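Reader: Before we look at anything in particular, could you take me through how such a model is read, one feature after another?

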Amino acid sequence: MRHYLFSSHDGFGLGHLRRNTQIAHALLNLDPTAAITIVTGVAVRPRWLADPRIRVVAVPPLIKGRDGSYRNPGMSFEEAIAARSRTIDQVIAAVRPDAVVVDRHPYGLAGELKAGLDRAKDDGAALVLGLRDVLDEPTRIRAELAGAGWAGVADRFDSLLVYGDQALCDHQAEYGLPMEPVYTGWVGPRVTPADCAHRDERLLVVSAGGG
């Protein structure tokens, strides 16, 4: 039995958690014997996360404010990061995953994933970093990539996935990633021709966010 552990970035919405959950469901469809653990700080439990085959481990939430800073309602930022780090390391030590999939931030918001990732790597796990199709304004992302939050990514991670298409956004050209990405296409529910059979030409759909 293979064990997959997902770390979902949680700071503003549900899009990161939703994407990881859909990937987890796809893995379970391919291998019903797989074990799935999702680590997240999202306090709510949406209906699509209520799957008995998926173990959800909660860490202290960090909510992104309008000024871009993160806060926890009941503890300091430093205390929340320390608690998240302990929990993630303990979970990885307990389940010994075969693969760890990290969403968006390689080491978490402030390095809280590092100890757990190093433990998983030492135990032989594959480390995978997943990025959405468009990250942000290129100069902002290039500055982020030059910082401590991305230091050593090419040495730690085995694969870097982009959940989109290179034709929409070429991550190497726009951002200068430290690893060559693999473009997976968009992660979402599979649409069949039958789903589109009764299309209304007058219908306009506007979608905001991924959650």
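Author: Let us begin with the terms: helices (H or I, at least four residues) and strands (E, at least two) are DSSP runs, numbered from the N terminus, and two strands pair if DSSP finds at least two bridges between them. In this structure 5 bridges join β2 to β3, which run parallel, and Ile36 has Ile54 in β3 as its bridge partner. The model is a predicted one, in which local features need pLDDT of at least 70 and side-chain atom pairs count only at pLDDT 80 or more, while totals for chains, interfaces and linings use all residues. Residues are numbered from 1 along each chain as its sequence is written, and side-chain values use heavy atoms, with hydrogens and water left out.

Reader: In what order do the strands of the open sheet stand?

Author: The open sheet has 7 strands in the order β3-β2-β1-β6-β7-β8-β9, with parallel pairing. At its edges stand β3 (54-58) and β9 (182-183), each with a single partner strand, so one side of each is left without a neighbour in the sheet. Further pairings follow this order: β1 and β2 run parallel and are joined by 5 bridges, with His3 opposite Ala35 in β2, and β7 (residues 126-132) pairs with β8 (residues 159-163) in the parallel sense over 5 bridges, where Arg132 stands opposite Tyr163 in β8.

Reader: Are the residues of strand β2 buried or exposed?

Author: Buried means under 20% relative accessible area, exposed over 50%, and partly exposed in between (1.4 Å probe, protein chains only). In β2 (residues 35-40), 6 of the 6 residues are buried, so this strand is largely enclosed by the rest of the structure. Ala35, Thr37 and Val39 point one way from β2, whereas Ile36, Ile38 and Thr40 point the other way. By contrast, Trp186, in the segment after β9, is exposed, with a relative accessible area of 52%.

Reader: Which residues lie nearest the centre of the second largest pocket?

Author: On a 1 Å grid over the protein atoms alone, a pocket is an open set of points where a 1.4 Å probe fits, with protein on both sides within 12 Å along at least five of seven lines, and lining residues have an atom within 4 Å of a point. Of the 23 residues that line the second largest pocket, Gln22, Ile23, Ala26, Leu27 and Val187 lie nearest its centre. The helix α1 gives the most to this lining, with 8 residues.
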